[in-house]
Amino acid sequence: MADHFQRHETANLCYVLDLGAGRGILEEAIDNDKRFAPYRSRLIFITLDVADINNQQLLSSNQQHVIAEGEKPPFVDKAFDLVISNMAIDLMPRDDVFQQVNRIIKLDGRIILNLHHPNLIEIATQKLKLLRQELKKLQRKLDYKSPGNSDYNQISEKIKEIQQQMKDAEFIIQNGPKMFFPNREEILAYLSPFFPQREIKIKEVPYGEIGENGWWEVDIGPVILSA
Ligand SMILES: C[S@@+](CC[C@H](N)C(=O)[O-])C[C@H]1O[C@@H](n2cnc3c(N)ncnc32)[C@H](O)[C@@H]1O
């Protein structure tokens, strides 16, 4: 995703909206990547997320954060040169969010989306099994410790972490089948009516190729003006 910023190397200001940005992992990565240093100051990042994230929790000091729903972004029409979203837009009410993205993107703007791949459901199923085993082990360990003891607190913290990861995995297993696009053709068929004059390219980044998760990388180009 970061590679897409390079075309703005020579541009003046580039207004970027990161939809469902969380705390701003991507913005932090861009801040720390020397390749972007020459033009980083011209990239204006607006991050949006529905979660209750306060300014102290933001990871980049160069992001302007907005708490809002992605399907109701509080911005004027054609405000952004680039709209990006990493593993988030397909968790939002679909019709509304894509209508809004089409409204707030400039005619010559670009949209880059990483969408969840259905193989995440299989990965989450396997992960959940391992997490359950891990949880049992930790709960057994805890039985031999007394409350207040530093080991007890450490193990309790770890248990909380595992329980959160289990919730995340359960969410994917339950909701993934209705939320995630199953294949490239369905993504294209779904998105084309929202972005009729733009070229849509879809790349499948499969499980195992990069990192742990597979995803769909969607690149929606500028409006193509007919002659
Ligand atoms: C899997 S996280 C991805 C976070 C970030 N993009 C990243 O790459 O680390 C999904 C994010 O989408 C946000 N989200 C889910 N539904 C949303 C909605 N309707 N509007 C705005 N943000 C939403 C969640 O709060 C969460 O931060």
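1. A handy definition to start with: a residue counts as buried here if 20 or more other C-beta atoms lie within 10 Å of its own. Please also keep in mind that this is a predicted model.

2. With that cut-off in hand, have a look at strand β2, residues 43–49. Six of its seven residues are buried, so β2 is largely enclosed by the rest of the structure. Strand β4 (residues 80–86) is mostly covered too, with six of its seven residues buried. For the protein chain as a whole, buried residues make up 25% of the 227 residues.

3. Now for the overall layout. The protein chain has five helices and seven strands, and from the N terminus on its elements follow the order β-α-β-β-β-α-β-α-α-α-β-β. Its C-alpha trace spans about 75 × 40 × 30 Å along the principal axes. If you take the contacts between residues at least 6 apart in sequence, 71% of them join residues at least 24 apart.

4. Leaving aside neighbours within four places in sequence, Val-83 is in contact with Leu-17, Leu-19, Val-101, Ile-104, Ile-105 and Ile-111. It also belongs to the largest nonpolar core, a group of 35 residues in which Val-16, Leu-17 and Val-83 touch the most other members. At least three residues of this core come from each of domain 1 (2–118 + 180–223) and domain 2 (120–178). As general background, nonpolar side chains in soluble globular proteins tend to be buried together.

5. Finally, the ligand. Which residues are the closest to the ligand? Of the 16 residues that surround it, the closest are Gly-20, Gly-22, Gly-70, Asn-86 and Ala-88. Sorted by class, the shell around the ligand holds nine nonpolar, four polar and three charged residues.

Key
Residues are numbered from 1 along each chain as its sequence is written. This is a predicted model: local features need pLDDT of at least 70, side-chain atom pairs count only at pLDDT 80 or more; totals for chains, interfaces and linings use all residues. A residue is near a molecule or strand if its C-beta atom, placed from the backbone, lies within 6 Å of it. Ala, Val, Leu, Ile, Met, Phe, Trp, Tyr, Cys and Pro count as nonpolar, Asp, Glu, Lys and Arg as charged, and the others, Gly among them, as polar. A nonpolar core is a set of buried Ala, Val, Leu, Ile, Met, Phe, Trp, Tyr and Cys residues joined through C-beta atoms within 7 Å. A residue is buried if 20 or more other C-beta atoms lie within 10 Å of its own, exposed if 12 or fewer, and partly exposed in between; C-beta atoms are placed from the backbone. Domain bounds come from an automatic or database domain assignment. Two residues are in contact if their C-beta atoms, placed from the backbone, lie within 7 Å. Helices (H or I, at least four residues) and strands (E, at least two) are DSSP runs, numbered from the N terminus.
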